[in-house]
Amino acid sequence: MTAIIQCKDVSKTYNNGAIEVSALRDVSLTISSAEFVSLSGPSGCGKTTLLNIIGGLDRPSAGDVLVEGASLNTKSNSQLADIRLRRIGYVFQAYNLIPVLSALENVEFIMQLQGLELKQRRERSMAILHSVGLDGMENRRPAELSGGQQQRVAVARAIVSDPAIVLADEPTANLDSRNSNELLELMQRLNNEKNITFVVATHDPKVLQFTGRHIQMLDGQIVAPQN
Amino acid sequence: MMKTFFLIAPIAWRNLWRRGTRTVLTMVTVALAVASMMILGSFMRSWGQSAFDRTVAAMNAHGQIHARGFMDDPTLEYSMPPPSTALLQALNNPSIKAWAPRVVASAMVRSERESAPVRVYGINPQREARLSFVSKAVAQGRYFTEPADSGVLLGRLLVDRLQVKLGHRVVLTAQDAKGDIAEIGVKVIGIYQGQPELEKFAVYLPITQAQTFLGLDRRSSEIAYLANRREQVSSVTAMLRAAAPDLDVRSWSELQPFTRAIIEITDNTNAIWGFVSFALVAFGLVNTLLMAVYERLREFGLLQALGMKPAWLLMQIMLESCFLVIPATLSGAVVGAAVILSFSDGLNLGSWGAGARMIGASQVLYPQFDLRQTGIACAVVIGLSILASIYPAVRAARRVPVDVITRAQV
């Protein structure tokens, strides 16, 4: 399998006034294409920070991240936005849908940013909403959907433009057990069918049953398995 | 670019209505500011215009030519011969609408019962009719028919004071060109109504009769001129100065510095009110946009996390500003225009009229809708408002997405 994500001695330090906090310390990690990887560990262990750095939302204090062989350190903010737009899908803990757009428009939004034509966007969005079980809810705004339904829209949005990688930060944290299972099954199915690489940061032990590789973090370092 | 616009515009429009009450209040503020700028601007312009019209109508015209020394000592000693060929040529230039020679002298008028100090104007009836109010202001009797006509026109207030009627005779006494006392008995052939100060003090004779009475032969005291347009007064005055370097040529603003001061005050008031109104609009707008930005920081972070470029985010905030300001400004312009047009028949100042007249304006003002001024005001408000929205927009675009996305839950 080809390496799709490579973290090389990544460190991240936050300055909180006079106090320096090391969120990541020399993390090295390689994730292959079509892997389903979970990052777990206690709160503050650095898994969200690592996810954000892999996604180009944050920059490392030291070290480098390569996505599909390209170093993120050399990219401008606008170039990073473009990589996120075309190659990376995001699923957040808090759903993070655009409140003024309907479910269909939220899913279409990424493709609109990519410049796809309306017909193509509409067809793909309808198909993906169908595949995540949201038939008939296309025109509802986020406030009119349940937590589980909103998270499905978020997943649909993350995968609709066939990204190479989907980064999910605590995707099941706000869901009940039935919705969590449905979501994880959906992600597993997409991983198998579309060969999308999933990296999921989670506290939820259930997630571990669905992932192919489990990475344990503590105090900003990977503790198991050692890379 | 257009694709980006069509992507962002619907989001910007919907965002505007997420806090509908706040948006409506801001729009009302902008609309009221624009309407008030237009209404006050129109009112002040009409005030300035009325002061100007009164000055022009009060025998000043757009300017006057005198012999040097007349303005300091306005007596017959400083009279002028008929215009030279060069001056005549300049006076007949197409940029001059009308001109007329006048004889001006201080005199006493007596009736059988009363006497009063007056200013005698000897006028050329045909030329003066194109220049000043007199020919159109005769309320009783008639206006002069020719320069060699005879008789006198008195103001309504002077007639009341002298206790005379149409057809009565009055006696004018003045110092003639040689310094001797001259007297003439003339019949009241017309009574005019006009500005109160003119009604009390200005009496009109045909110019030939006045020249004979005052021993001026064909000489005159002044030549009044009217340019085709107010904006041409400076150039016309300069042209006449060049044509008559030995004479004293002055425009209305030099003859009536008080009127000029009133017009400058009204213009400055307009500018100050415009500035204050815009400052209110700008602060209100920046406040609204900053609030809208701060309460949506997570969302902006999300949009960037999804791949929206910072420049597009900037465009989104700017579009929200446009959607807020443009309809509000246009609504304000419509309201302002409606109010101004509702006063197109005149705004009677009522009991304030006497005070208004003391500082140069008329009893009745005629506010006028000025499309050009309205266009400029709208463009300035819209342009500067969009500029004012740059700050909140830049703040939103500069936020690092991770800072805001991971900060709080929905």
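A crossing of two helices is called right-handed if the near helix is turned clockwise from the far one by less than a right angle. The views below are all taken from a predicted model.

**Figure 1. Packing of helices H12 and H14 in chain B.** Helix H12(B), residues 310-342, passes helix H14(B), residues 371-388, in a right-handed crossing. The two axes come within 9 Å and cross at roughly 155°. Because angles over 145 degrees count as roughly antiparallel, H12(B) and H14(B) are described as roughly antiparallel to each other. H12(B) contributes B:Met318, B:Ser321, B:Cys322, B:Val325, B:Ile326, B:Thr329, B:Leu330, B:Ala333 and B:Ala337 to the contact, and H14(B) contributes B:Thr374, B:Cys378, B:Val381, B:Ile382, B:Ser385 and B:Ile386. By class, this contact comprises 11 nonpolar and four polar residues, with no charged residues.

**Figure 2. Packing of helices H1 and H12 in chain B.** H12(B) also packs with H1(B), their axes coming within 8 Å and crossing at roughly 55°. This angle makes H1(B) oblique to H12(B). The crossing of the pair is right-handed. On H1(B), the residues that meet H12(B) are B:Thr4, B:Ile8, B:Ala9, B:Ile11, B:Ala12, B:Trp13, B:Asn15 and B:Leu16. Their counterparts on H12(B) are B:Trp312, B:Met315, B:Gln316, B:Leu319, B:Glu320, B:Phe323 and B:Leu324. The contact of H1(B) with H12(B) contains 11 nonpolar residues, three polar residues and one charged residue.

**Figure 3. The side of chain B that touches chain A.** Here 21 residues of chain B are in contact with 23 residues of chain A. On the chain B side, the elements giving two or more residues are helix H1 (2-16), helix H11 (297-305) and helix H16 (401-405). H1(B) gives the most, with five residues. The chain B side divides into 11 nonpolar, five polar and five charged residues.

**Figure 4. The buried and exposed faces of helix H8 in chain B.** The buried residues of H8(B), residues 233-243, are B:Val233, B:Val236, B:Thr237, B:Leu240 and B:Ala243. These residues cover an arc of only 125° around the axis, which puts them on the same side of H8(B). The face turned away from this buried side carries the exposed residues B:Ser235, B:Ala238 and B:Ala242. The elements of chain B against which the buried residues of H8(B) pack are S1, H3, strand S2 (96-110), strand S9 (222-227), strand S10 (247-251) and helix H9 (252-255).

**Figure 5. The surroundings of B:Leu76.** B:Leu76 lies in the loop between strand S1 (63-67) and helix H3 (85-91) of chain B. This residue is classed as buried because 21 other C-beta atoms lie within 10 Å. Leaving aside neighbours within four places in sequence, B:Leu76 is in contact with B:Ala105, B:Asp176, B:Ala177, B:Leu214 and B:Leu216. B:Leu76 and B:Lys178 are 102 residues apart in sequence, while their C-alpha atoms are 8.7 Å apart in space.

**Figure 6. Packing of helices H3 and H4 in chain A.** Helix H3(A), residues 103-114, packs with helix H4(A), residues 118-131, at an angle of about 130°, and their axes are 9 Å apart. That angle makes H3(A) oblique to H4(A). H3(A) passes H4(A) in a right-handed crossing. A:Ala103, A:Leu104, A:Val107, A:Glu108, A:Met111 and A:Gln112 of H3(A) meet A:Arg121, A:Arg124, A:Ser125, A:Ile128 and A:Leu129 of H4(A). Six residues of this contact are nonpolar, two are polar and three are charged.

**Figure 7. Two loop residues of chain A with positive phi.** A:Ala34 is not a glycine, yet has a positive phi of about 70°. A:Ala34 is placed in the loop between strand S2 (19-32) and strand S3 (36-40) of chain A. A:Ala34 counts as partly exposed because there are 17 C-beta neighbours inside 10 Å. A:Glu170, also a residue other than glycine, has a positive phi near 50°. The loop that holds A:Glu170 lies between strand S7 (165-169) and helix H6 (177-194) of chain A. With 20 C-beta neighbours inside 10 Å, A:Glu170 counts as buried.

Notes. Residues are numbered from 1 along each chain as its sequence is written. Chains are lettered from A and ligands numbered from 1 in the order in which they are written. This is a predicted model: local features need pLDDT of at least 70, side-chain atom pairs count only at pLDDT 80 or more; totals for chains, interfaces and linings use all residues. Axes are lines fitted to C-alpha atoms, for helices over the stretch in contact, and angles run from 0 to 180 degrees between N-to-C directions. Helices (H or I, at least four residues) and strands (E, at least two) are DSSP runs, numbered from the N terminus. Angles under 35 degrees count as roughly parallel, over 145 as roughly antiparallel, 65 to 115 as roughly perpendicular and the rest as oblique. Two residues are in contact if their C-beta atoms, placed from the backbone, lie within 7 Å. Ala, Val, Leu, Ile, Met, Phe, Trp, Tyr, Cys and Pro count as nonpolar, Asp, Glu, Lys and Arg as charged, and the others, Gly among them, as polar. A residue is buried if 20 or more other C-beta atoms lie within 10 Å of its own, exposed if 12 or fewer, and partly exposed in between; C-beta atoms are placed from the backbone. The arc is that of the directions from the helix axis to the C-beta atoms.
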